[in-house]
Amino acid sequence: MKVSGKAVVFGDNVNTDVIIPSKYLTLLDPVQIAQHAMEGLDPSFPEKAKNGVIIVAGRNFGCGSSREQAPIALKYAGVRCVLAESFARIFYRNAINIGLPVLESPHIRSEVDEGDVLTVTLEEGKVENETKGCVIAALKLPRFILEILEDGGLIEHLKKKGVKAP
Amino acid sequence: MNIAEKILAAASGREEVKPGEIVEAKVDMAMANEITGPLAIQAFKKIGAPRVWDRRRIVLVLDHQVPADSVRSAELHKIMRTFAKEQRIPLLYDIGYGGVCHQVMVEKGHVKPGKLIVGADSHTCTYGALGAFGTGIGSTEMAGVFATGEIWLRVPSTIRIDLSGSFLTCVAPKDVILYVIGKIGADGATYKAIEFTGTAIHKISVSGRMTLCNMTVEMGAKTGIISPDEVSLAYVESRTDESFMLIGSDSDAVYEKTLAVDIEKIEPQVACPHAVDNVKPVKEVEGVEINQAFIGSCTNGRLEDLKIAAKFLKGKKIAKGVRLIVTPASQEIYLQALQHGLLEVFVKSGAYVCNPTCGACFGGHMGLLASGEVCISSSNRNFVGRMGSPEAEIYLASPATVAASALAGKIVDPRRFSED
């Protein structure tokens, strides 16, 4: 699986309240949710992201609440992948479960500037910065997580496996 | 093994587990509220399973925006009720019967020692107060649990917080957990478990233990947990007749590291804007003027918290220009507060008492902040925009500090009032 896009850069501890403020959690339509993606930090984000971007961030991306609306907002706003130095665990699981690729890359911020064009090869944990002409290492995902992403998320994955209630 | 490892071993049918291993675990209870539940229900329907795995092990709670503050909220509530009816789920805590989900789970006897409980809410880690492994998950994952009753989990390594000593006047478990978060940092326990041990733990009530475990997620932790003792067992036995296995940490259990905390050295603490780990002693930020004070939430909205606040407020008036919002965490607590005369104290002091709900803590309704406003809150998060405007500032503190600050109109060390 390969994804490409321009980098949008954020700092440390980007929390789920700024990714999607509580007041929009009564929305159920992903497209409507996405109109408010990152509103707490940058209200112009949905406009920036609409043609497909890759988020590059520091430590503890997605900390805070369990709201799955956070990765949903990013995915439907046009985010193709999130690369961060580290992730908060519930966000990390939620992103995979809804089919938004997330990769840990410990030095990503020092190698990428806003607007750089990146190509990510998920299987290899490889990030190519085409603007700067360098390759940045990311942590490889375990096989079963890649399978969930390849299937487009946990629901599709479970359906494929034929999971039914006991 | 330590208690977290033992619970995951039992839940996955293994003799032993080690940190880093991934286990397929059987879930004992699953909880969702009306913010995370509807997405889980949508996803469950997409999976195509006709029935949930066990209708008696699912708890549905309406708490974040109750009673409905908008038509959109009302629609979410309706989705929850309809699902409960379709799937014949008896444990639906509708408006008037419950309160904040984590309080309800504990109060109604759904949390028992040794159990693995997943909740579609980050503060599910609260259940460790009774020796359960509680962890927060998202909605899609909850749909998978609804269908199968199972979940994959990585066995976390555990950080031990060893508490000794006694509390100084006006110092509460909230001050201890804020102090610990300041030391460990907002991502210092990501993917890990936090276990509270030590001689001081036995002196802390179940309510205080819930406050400790509740905020472990603010360090990124997967769960916060305390081995059961007489205090927690007495509580559980008063809440349920159902059986459970008594699981505690072995004396040779392995920890990634241990942080020793002498409670006697902890003064009243406050987490300053806009990070939960931006923690200082209250005396260093005294004088910051406030517009709103909030006492409530799954962190500090229990009877013990309300009693402390009432002690400060009794016979006094809160400062002009300040609004104090008090939100008991459940219907049971609301009733107890009424019977103890606390609600009268609050109302006479000029405080505004709301119905049990997540309310202002969640920033959904019942006490949002305008731009430029400052709030001191007994809740758990002070992120930008958490309680309303992104231009507002939130300070987190204990109920004592919040009540004292409401009286002063500015942030004050509660010890200034306790000498009266």
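Reader: Which strand order does the open sheet of 4 strands in chain B have?

Author: First, the general idea: strands are DSSP runs of E with at least two residues, helices are runs of H or I with at least four, and both are numbered from the N terminus. Two strands pair if DSSP finds at least two bridges between them. In this case the order is β10-β9-β8-β11 (chain B), with parallel pairing. β10 (223-225) and β11 (257-262) of chain B stand at the edges with a single partner strand each, so one side of each has no neighbour in the sheet. The twist from one strand to the next averages 20°.

Reader: What should I know about the model and the numbering?

Author: This is a predicted model: local features need pLDDT of at least 70, side-chain atom pairs count only at pLDDT 80 or more, and totals for chains, interfaces and linings use all residues. Residues are numbered from 1 along each chain as its sequence is written, chains are lettered from A and ligands numbered from 1 in the order in which they are written, and side-chain values use heavy atoms, with hydrogens and water left out.

Reader: How many bridges join β8 and β9 of chain B?

Author: There are 5 bridges between β8 (residues 158-164) and β9 (residues 193-197) of chain B, and the two strands run parallel. Ile161(B) has Phe196(B) in β9(B) as its bridge partner.

Reader: Which strands does helix α6 of chain B lie across?

Author: Angles use axes, which are lines fitted to C-alpha atoms, for helices over the stretch in contact; they run from 0 to 180 degrees between N-to-C directions. Contact means heavy atoms within 4.5 Å. Helix α6 (residues 173-184) of chain B lies across β8, β9 and β11 of chain B, and runs at about 135° to β11(B).

Reader: What is the strand order of the open sheet of 7 strands in chain A?

Author: Read β4-β3-β2-β1-β5-β6-β7 (chain A), with mixed pairing. The edge strands are β4 (102-104) and β7 (134-137) of chain A. Within this sheet, β1 (residues 2-9) and β2 (residues 53-57) of chain A pair in the parallel sense over 4 bridges. There, Ala7(A) is partnered by Ile54(A) of β2(A).

Reader: How much area do chain A and chain B bury between them?

Author: The size of an interface is often given as the accessible area lost when the parts come together. Buried area here is the accessible area (1.4 Å probe) that two parts lose on being put together, summed over both. Chain A and chain B bury about 3700 Å², 58% of it on carbon and sulfur atoms. Thr26(A), Arg89(A) and Arg93(A) supply 20% of the area that chain A buries against chain B, more than any other three residues. The contact takes 42 residues from chain A and 48 residues from chain B.

Reader: How many salt bridges are there between chain A and chain B?

Author: Side chains of opposite charge can pair when their charged atoms come close. A salt bridge needs a side-chain nitrogen of Lys or Arg within 4 Å of a carboxyl oxygen of Asp or Glu. The count between the two chains is 3. One of these joins Arg93(A) and Glu141(B), at 2.8 Å from N to O. α5(A) gives the most to the side of chain A that touches chain B, with 6 residues.

Reader: Where does the cis peptide bond from Val66(B) to Pro67(B) lie?

Author: Look at omega: for this bond it is near -15°. Pro67(B) lies in the loop between β3 (58-61) and α3 (71-86) of chain B.
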